[in-house]
Protein chains: 2
Amino acid sequence: MSTVFEFTIDAECSESWARAGTLRTPHGTIRTPIFMPVGTQATVKSVSPEELKAVGAQIILSNTYHLMLRPGSQLIDTFGGLHSFMHWDGPILTDSGGFQVWSLGHLRKLNEDGVTFKSHLDGSYHTLTPERVMQIEAEIGADIILPLDICAPYPCPPQEARKAMEQTHRWEERALIEKERQRPEQALFGIVQGAFEPELRSESARIIGSMPFTGFSIGGLSVGEPKATMWEMLRYVTPELPREKPRHLLGVGSPEDLVMGVGLGMDMFDCVLPTRVARHGGLFTRSGRISIKAARYRTATGPIEEGCDCYTCRNYSAAYVHHLLRAEEQLYYRLGTIHNLRFMLRLAAELREAIITGNYIAYRDEFLERYKPASEAVREQQREKWKAAARARQAQG
Amino acid sequence: MSTVFEFTIDAECSESWARAGTLRTPHGTIRTPIFMPVGTQATVKSVSPEELKAVGAQIILSNTYHLMLRPGSQLIDTFGGLHSFMHWDGPILTDSGGFQVWSLGHLRKLNEDGVTFKSHLDGSYHTLTPERVMQIEAEIGADIILPLDICAPYPCPPQEARKAMEQTHRWEERALIEKERQRPEQALFGIVQGAFEPELRSESARIIGSMPFTGFSIGGLSVGEPKATMWEMLRYVTPELPREKPRHLLGVGSPEDLVMGVGLGMDMFDCVLPTRVARHGGLFTRSGRISIKAARYRTATGPIEEGCDCYTCRNYSAAYVHHLLRAEEQLYYRLGTIHNLRFMLRLAAELREAIITGNYIAYRDEFLERYKPASEAVREQQREKWKAAARARQAQG
């Protein structure tokens, strides 16, 4: 396994924890820092694998929870695994399903062995144990897999946070053993938990960091806490993790998160945000997120962003993209998604370049000065809207 | 104009009215018989212009009614016309809006001058006259344009059918004059009406066929009548039209319609059916239409159709396409649409080849023997479902 997965550090920032690395996997080489588009149901919503390649995607993330429920991991296995099932020949990372059990599943029943939940699709009952998750992820066949964990809510009482963390640690040890029985050639990343307690975060990173994982994912962040709290937690985590292994910030984030997270030692990022906000009309530019639905774009002859090299900006006016969204045409969702993904992947490439040339701090400061992020209030509103929409869909289903 | 638009007949069938032709337009050459994908709102639903090229599309149709309401023909004009606005550099045909006024508009008020209707989008009032339609189509800037007409319903009392036809004829004369004032370089096709009266169909074809149109569109068919009635009407129309000009069967059709229509002298076809049924899971194969949603495709490792050269069949299993539709993933709509459009365009190319090699009749009979079309009952059910969905959307809007 160590011959297939190899992480080398190409450059390090002298004034922050930022580093540029190269991660070799059985399906190709990843240059870090990197953003991983999310393909929840074996497809990155509204774009094709060829379009993912074209925007510069080097690895995608898919969700074990969704795939196990539909189409089922056994079915994916009979098709030779997720790569061949979804026609994506680059690296794939699958999460463990733990987060979705907490955020989507109903009637969770947790014990030492694992967790039982009710499917959000059809109400059927399923049990996940650390061992079962390794079996499912073996059938899905991603390059990088994650172990079952418990994602504590925000806020969370310290005793509960400790209990969840310790349970997660015991589950991760079981996962390490089971993975070797299943598909030892897959790379298992350990997950750091510890909620919002500095000492728990340090402890979790120290314990998990000492186990023979190929890399580490920082879980339990971006679950509703202020951004400052999230960044504070990373300050306790990164120093405890082995320098020579890749670090993945789970479920984060926005353009500004990528820029900040890199400085706190993170190498890999994934989030539905760039694709989800695109579908709602929110498109990234160097100055911040714009709403392409706004009336001022009706007659805009230029591209969404001058100088952007994405397929959308090279071929279509902002007015046409505006028209497609107003008319609720499917091509809009694709063009918007391509633009935002390209933005994230160009940003990752520029961060890498800045680290290599010793300019990360200057790049970060310039970016953050120019980029106007969505305020906490706007983000909270959006979350509520999405939750309501998800509840409505569930009620229909 | 005659130097830009040129129609030559490359081959004719000796046992039917089928012919293979070449139509030169300012945006490229079209080999007939041809199927024209429909891009109602300046986009063929869920596919990109590059994908249209890849499936073999040589010309697309767009709807004047929809474009005039959103984004507006003047706006399209300021972007240099529809080709540049939607990033499609091949030939475009726009219809006149007449059909949609009848099928979508509310509160129509018809007089000798034109027709007033209420927009299905926002309830605003609009008036179309033969002259206004020429102005709008000049702003949209398609290669081939159609004049305002009246589409009689099915069934229709003979006196009403005659009244509508004669009104249409007078409007078409006005359109010919106005077109020369607007953009003489656009090709105006005449529309043949006459409802379901054999003598009216002959008369309309004779009158319109003698006017200086670049080609002819047969309107008012496929509005609910049995297929046999539609084919019967063409038997009265085709012999009256000049042999040396292209003939377009408006709003038709299905694979079997294409095969039959060619034998009745039609060169060009357009219809939303292949793209619309694809979005509902209906995919074309040589044996007939299948429903990819059916449980039997859950584990189907082969493509939708063995031997199909479309992007979808070359890269994805039927099981994956089935999964995407079940999960309501946007990529499904694209993959299904690409498959059906490629089916229609390969069918058109094969019909052309059969005509050129003198095998049209054999090709037609073999195709129809093998292809199981949707029954009239199924078609009627689908129409009702779509109408209900359209009403629901309208009520929401």
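# A tour of a two-chain predicted model

Select Ser14(B), which lies in the loop between β1 (6-12) and β2 of chain B. Strands here are DSSP runs of E with at least two residues, helices are runs of H or I with at least four residues, and both are numbered from the N terminus. This is a predicted model, in which local features need pLDDT of at least 70 and side-chain atom pairs count only at pLDDT 80 or more, while totals for chains, interfaces and linings use all residues. Residues are numbered from 1 along each chain as its sequence is written, chains are lettered from A and ligands numbered from 1 in the order in which they are written, and side-chain values use heavy atoms, with hydrogens and water left out.

Is Ser14(B) buried or exposed? Ser14(B) is exposed, with a relative accessible area of 74%. Exposed means over 50% relative accessible area, buried means under 20%, and partly exposed is in between (1.4 Å probe, protein chains only). Ser14(B) and Asn359(B) are 345 residues apart along the chain, and their C-alpha atoms are separated by 9.8 Å.

**The hairpin**

Next, select residues 19-25 and 28-32 of chain B. These are strands β2 and β3 of chain B, which pair in the antiparallel sense over five bridges. Two strands pair if DSSP finds at least two bridges between them. β2(B) and β3(B) form a hairpin, with two residues between them. Within the pair, Thr22(B) stands opposite Arg31(B) in β3(B).

**The sheet in chain B**

Stay in chain B and show the strands. Eight of them form an open sheet with parallel pairing, in the order β4-β14-β13-β12-β11-β10-β6-β5. The edge strands are β4 (34-36) and β5 (60-62) of chain B, each of which pairs on one side only. Zoom in on the β5 edge. β5(B) pairs with strand β6 (residues 92-94) of chain B in the parallel sense, over three bridges. Here Leu61(B) stands opposite Leu93(B) in β6(B).

A contact means heavy atoms within 4.5 Å.

**A buried threonine in chain A**

Move to chain A and select Thr168(A), in helix α7 (residues 158-182). Thr168(A) counts as buried, at 0% relative accessibility. Leaving aside neighbours within four places in sequence, Thr168(A) is in contact with Asp149(A), Ile150(A), Ile191(A) and Gln193(A).

**The annotated site**

Where is Cys308(A)? Cys308(A) is in the loop between β16 (288-291) and α12 (311-315) of chain A. Cys308(A) is buried, with a relative accessible area of 9%. Beyond residues up to four places away in sequence, Cys308(A) touches Cys313(A), Arg314(A), His339(A) and Arg346(A).

His339(A) sits in helix α14 (residues 330-356) of chain A and is buried at 0% relative accessibility. Among the residues that His339(A) touches are Leu283(A), Phe284(A), Cys308(A), Cys310(A) and Cys313(A).

**Helix α14**

α14(A) has 27 residues and reaches 40 Å from its first C-alpha to its last, close to the 39 Å expected at 1.5 Å a residue. The expected span is 1.5 Å times one less than the number of residues. In α14(A), 23 of the 27 residues are buried, so the helix is largely enclosed by the rest of the structure. Gly358(A) follows α14(A) and has a positive phi, near 75°.

**The two copies**

Finally, show both chains. Chain A can be laid on chain B with an RMSD of 0.0 Å by a turn of 180° and a shift of 0.0 Å along the axis. The two copies are thus related as by a two-fold rotation axis. The superposition is by least squares on the C-alpha atoms of residues with pLDDT of at least 70 in both copies. To find the axis from chain A, select Gln330(A): its C-alpha is the nearest in that chain, 3.8 Å from the axis.
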